[in-house]
Each structure stands twice: as structure tokens, then as C-alpha cells.
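Welcome! Take a moment to look over the sequence and the structure below, and then let us walk through them together.

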Amino acid sequence: MEITEDKMGVVVLVVAIILAGLALFLFYLERRLHKAERDIHALGREGRPQAAGSQNPPEGQAHSGSLPDETHRIR
Amino acid sequence: MTAAVFALMRKDLSLEWRNKSAFTGVLLYLVSTVFICYLSFDGLVPVHTWNALFWVILLFASLNAVLKGFLQEGERRIPYYYTLASPAAVMMARIVYNAFLMGLLALSGWGMYTAVMGNPVQNQGLFLLNLILGAGALSAALSMVSAIASRARNPFTLMGVLGFPVVLPLLLVVIRISASSIQGASLAAQWGNLLVLLLLAGISVVLANLLFPYIWRE
Amino acid sequence: MGPFRNWWWKFAGLALLFYVVAGGFLFDVPQLPVVRESIRNIYFHVGMWFSMMFILAVSLVFSMRYLRHARPEDDLKALAAVKTGLVFGFLGLLTGMVWAHFTWGRFWVNDPKLNGAVVGLLAYLAYLVLRGSVEGEQKRGRLAAVYNLFAFVLYFVFIMILPRLGVSSIHPGTDGNPALATGDLDPAMRKVFFPAIMAWFIMAWWVFTVFCRIDRLRYRVQELLENEPTWK
């Protein structure tokens with residue numbers, strides 16, 4: 001099979017369409033994520049005044065159900 | 001630290017001596033696998049197969065042996081040891097003990113295997129040296145992996161899954177040296193490969209000592 | 001574009017990738033024996049593999065950080081990076097296999113570099129299995145981080161010693177570098193190759209951030225569920 005300019009053009013088109021599809025999928029995911037993050041954030045803030053006495057730890061430092069010696073100082 | 005290591009090793013050795021369950025268990029495993037090979041191949045195998053088969057048998061036996069050691073520690077004794085010695089010492093003792101155990105197992109395995117499948121090896125000395133060093137290196141790598149696997153839910157399955165990728169490079173070198181010793185290569189010729197083997201073993205030991213402190217309390 | 005965070009570099013990455021696809025197929029390439037036109041695969045296969053290695057190194061860094069500070073965020077990122085690395089690793093493997101079919105006649109050959117690549121991917125699959133077998137957030141994170149470190153270092157050493165073992169490989173690449181040395185690369189190809197590498201790095205980073213966000217959301221949902229008042 002001889003490889004001509006036109007055939008290469010077709011290949012480029014097909015791959016570009018596939019890539020475009022993937023890109024759209026990624027952007028769609030991003031939209032869903034953004035919405036979910038907003039909702040979670042709202043839920044979190046809503047829950048905070050309710051949970052009197054229970055520790056709502058700041059982001060990234062949650063240790064729910066942690067054992068007493070969790071600091072793990074390595075000697 | 002060496003005192004602690006020796007003490008812990010003595011403890012393991014005396015425990016094992018009194019109740020030789022781990023050693024005999026793995027020995028039985030070796031006997032079974034070698035016997036299966038004998039039945040299937042009837043003692044006639046091409047040289048490459050002989051070599052590869054031997055190391056596969058040994059590998060599986062090692063996986064079992066090393067893991068058993070970690071699992072047998074017993075829930076209540078572990079915190080006690082950890083008040084006595086540093087985690088590095090515990091790990092070092094394990095590695096040395098396992099290396100010793102695996103050396104013995106490797107030699108027994110070799111004995112059984114050659115009795116049943118013949119011995120085409122031309123440079124016996126190099127083969128045996130490779131065997132001992134390989135067993136030691138395997139023990140170092142597998143000890144660390146066993147430490148991890150023994151703390152999870154299904155240690156025996158995990159051992160295979162976690163162990164293979166870690167052990168494969170080592171196995172590659174060991175099989176290479178083994179194959180060339182069968183062909184009659186001299187120690188001098190395989191010196192480079194042996195150094196690589198030692199390097200891999202050394203790195204495994206160092207890493208194990210560095211990383212064990214992070215997981216020993218689980 | 002409100003909902004799209006940091007859209008500029010994502011767009012740039014996509015734009016570069018489109019350029020690479022167009023240029024990769026339409027521009028001229030040097031006619032080498034055996035590979036001939038399939039050399040164009042370089043723009044895809046090598047980029048995927050390089051970005052995989054980069055992302056796995058990122059995972060290593062986060063694992064180390066987790067061991068140091070025990071922040072769940074670090075463990076989460078290490079996991080996301082491993083997942084991304086596996087995705088790109090498999091893509092690299094696939095493109096490699098297709099390439100092999102056209103140049104060597106088979107999809108797979110018994111070659112040390114190829115076997116080494118599979119061993120690496122197996123290690124990271126094992127990482128995922130390990131995570132699935134341990135309960136307890138902190139315990140899981142620590143065990144996984146330790147395995148990540150152990151496997152990575154041993155694998156790295158293995159890659160370095162491979163040429164020393166005197167193994168010959170039909171997979172192209174000079175000592176220690178499984179791809180082409182940049183000195184080798186024909187100037188005609190450089191104008192697509194370097195953008196390709198950049199494009200794949202950006203895509204890998206993008207996928208990584210998406211995995212991170214998904215895992216972080218899942219984590220926060222769990223957190224919120226656990227903090228529910230008990231009188232519910």
C-alpha cells in the first residue's frame with residue numbers, strides 16, 4: 001500500500017477527531033468535578049455549625065478514628 | 001546494635017531449633033516440587049531448562065520460608081521486642097537469619113535436585129557460590145517484602161504479587177551467573193555479575209533498614 | 001471559563017498535541033532502514049513513556065512526603081500519580097507493541113528492555129493490590145509508601161545495571177537510556193519531537209490532577225459522612 005499525502009491527511013483527521021473526543025471528555029470531567037467540589041464545600045460549611053463539639057479538621061489533616069499515638073516520631 | 005542483632009538471631013535460631021516447623025515445612029515443599037519435576041521430566045532436561053527450573057523451585061520455596069518467619073512472630077511478643085531493640089536491629093536480625101535459613105534450604109534443594117535431575121554443571125564452585133550469594137540476596141529483598149505483606153490481610157497471595165517485581169532483576173542476574181557456571185565459566189569471568197548481585201543485595205539491606213522503622217508498629 | 005481550572009496550560013497541551021499529530025504525520029521524516037515511516041511513532045511512544053517515568057517519580061516524592069509527615073493528602077497524591085503512571089505506561093506499551101509489529105514482525109519479543117518495562121508496570125499494579133489488601137487509612141498509606149520506595153529504587157538500579165549486564169537488546173537506545181539519545185535525533189524530527197514530549201508531560205499532569213481531584217472528593221465525602229452527628 002503506497003503512502004500518499006491524502007492518506008496521511010486522513011490519518012491525521014481520524015487521530016485529531018479521537019483526540020478531540022478525549023479532550024472533550026476531559027473537559028466534561030472537569031465540569032463535573034467543579035460542580036461536585038462546590039457542592040461538597042457547601043455541605044461542609046453547612047455541617048460545621050451543626051457539629052458542635054466534634055472536631056471538623058481543616059482540609060488535608062483529617063484523622064477520623066485515629067489511635068492515640070499517631071504522631072509516629074521515628075527514632 | 002550488633003549485640004542486639006546477634007541476640008535476636010540467637011533467639012530465632014534457638015526457637016527454630018526447638019521446633020523445626022518452618023525449616024522442615026519448606027524442606028517438604030522442596031521435596032514435593034523436585035519430585036513433581038522428576039515425575040514430569042523423568043530426569044531428562046535441556047541445560048537451560050534445568051537451570052531455570054531449579055531457580056523457580058528455589059524462588060517459590062524462599063517466598064514461603066521468609067514469609068513464614070514474619071508471620072510466626074506472634075501478636076503479643078512483637079511489642080516486647082520493640083522495647084528491647086531498634087527496628088533496624090530487628091530487621092537486620094531477620095535478614096541475616098533468613099539468609100542463613102535460605103542458604104541451608106538452597107543447599108538442600110540443590111542436593112535433592114541434582115540427585116534426581118542430574119548435575120550438568122561444569123564449574124561447581126561458581127555455581128555453589130552463586131547459590132549461596134543468591135540465597136542471601138533473595139533473603140534481603142524478600143525480608144522487606146515479607147515485612148510489608150505480613151501486615152496485610154492475605155499475606156501469602158500478596159507475597160507473590162509484591163515479591164515478583166522486586167525479585168525479578170535479582171533473579172535475572174542469578175540465573176545468568178548460574179547458566180554461565182553450567183557452561184564452565186570461571187569466577188574471574190563472572191566477577192562483574194557477582195558484583196552486581198552483591199550491589200542489589202546491599203541496596204536491599206540498606207533500604208530495608210531505612211524503611212522498616214516506618215511500618216514496624218503496625 | 002469558570003469551571004475549568006488552569007485552563008490555559010491544558011489548552012496549550014492540547015494545542016501542542018494537535019500540532020504533533022498533524023506535524024507528526026504530515027512532515028517529512030528521514031528514511032531509515034527497517035523503521036521507515038513508522039519512526040513517526042517516536043512522537044507518541046517515547047513521549048508516553050517519558051511522562052510515565054516522570055509521573056512515577058512524582059509518586060515517589062509524595063510517598064516519601066507521606067512517610068515524613070503522615071498527611072493524607074500526600075498519600076492520596078501518590079496513589080493518583082501511580083494510577084496516572086499506569087495509564088501512560090499501558091499506552092506506551094500498546095504503542096510499543098504496534099511499533100514492534102511493523103518493525104520486528106511480532107507484537108512482543110523476548111527482549112530485556114521490554115521485559116524490564118513489564119516488570120516495572122507489574123510493580124505498580126502490585127502497589128494497587130497492596131492498597132486493596134490493607135485496612136486502616138494510616139496503615140495502608142504507610143505500607144504502600146514503603147513498597148513504592150522499595151520497588152522504585154530497586155527498579156531504578158535494575159535499569160542502570162542492565163547495560164552493564166552486557167545484555168544486547170534490539171530495542172533502540174544507548175547505555176542507560178532506553179530511548180534515543182538527543183544527539184541522535186535528526187533535526188527534521190526535532191521540531192515535532194520536543195513539542196511532543198512537552199505535550200505528553202502536560203497531558204500526564206492533567207490526568208494526574210483529575211485523578212487527584214476525584215480521590216480528594218471521595219475522601220471528603222467519606223469525611224463528611226463520618227462526621228455526621230450520631231443522633232441521626
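## Starting from one proline

In which loop of chain C is C:Pro30 found? C:Pro30 lies in the loop between α1 (7–26) and α2 (42–69) of chain C; helices here are DSSP runs of H or I with at least four residues, and strands are runs of E with at least two, numbered from the N terminus.

Is C:Pro30 buried or exposed? C:Pro30 counts as exposed because it has 12 C-beta neighbours inside 10 Å. A residue is buried with 20 or more other C-beta atoms within 10 Å of its own, exposed with 12 or fewer, and partly exposed in between, with C-beta atoms placed from the backbone.

Leaving aside residues up to four places away in sequence, C:Pro30 touches C:Asp186 and C:Ala188. Contact requires C-beta atoms, placed from the backbone, within 7 Å. C:Ala188 is 158 residues from C:Pro30 in sequence, yet their C-alpha atoms are 7.6 Å apart.

## About the model

This is a predicted model, in which local features need pLDDT of at least 70, side-chain atom pairs count only at pLDDT 80 or more, and totals for chains, interfaces and linings use all residues. Residues are numbered from 1 along each chain as its sequence is written, while chains are lettered from A and ligands numbered from 1 in the order in which they are written.

## Chain C as a whole

Chain C has six helices and zero strands. Of its 232 residues, 38% count as buried.

## Meeting chain B

Chain C brings 24 residues to the contact, and chain B brings 27 residues. On the chain C side, α5(C) gives the largest share, 13 residues.

Methods. Contact = placed C-beta atoms within 7 Å.
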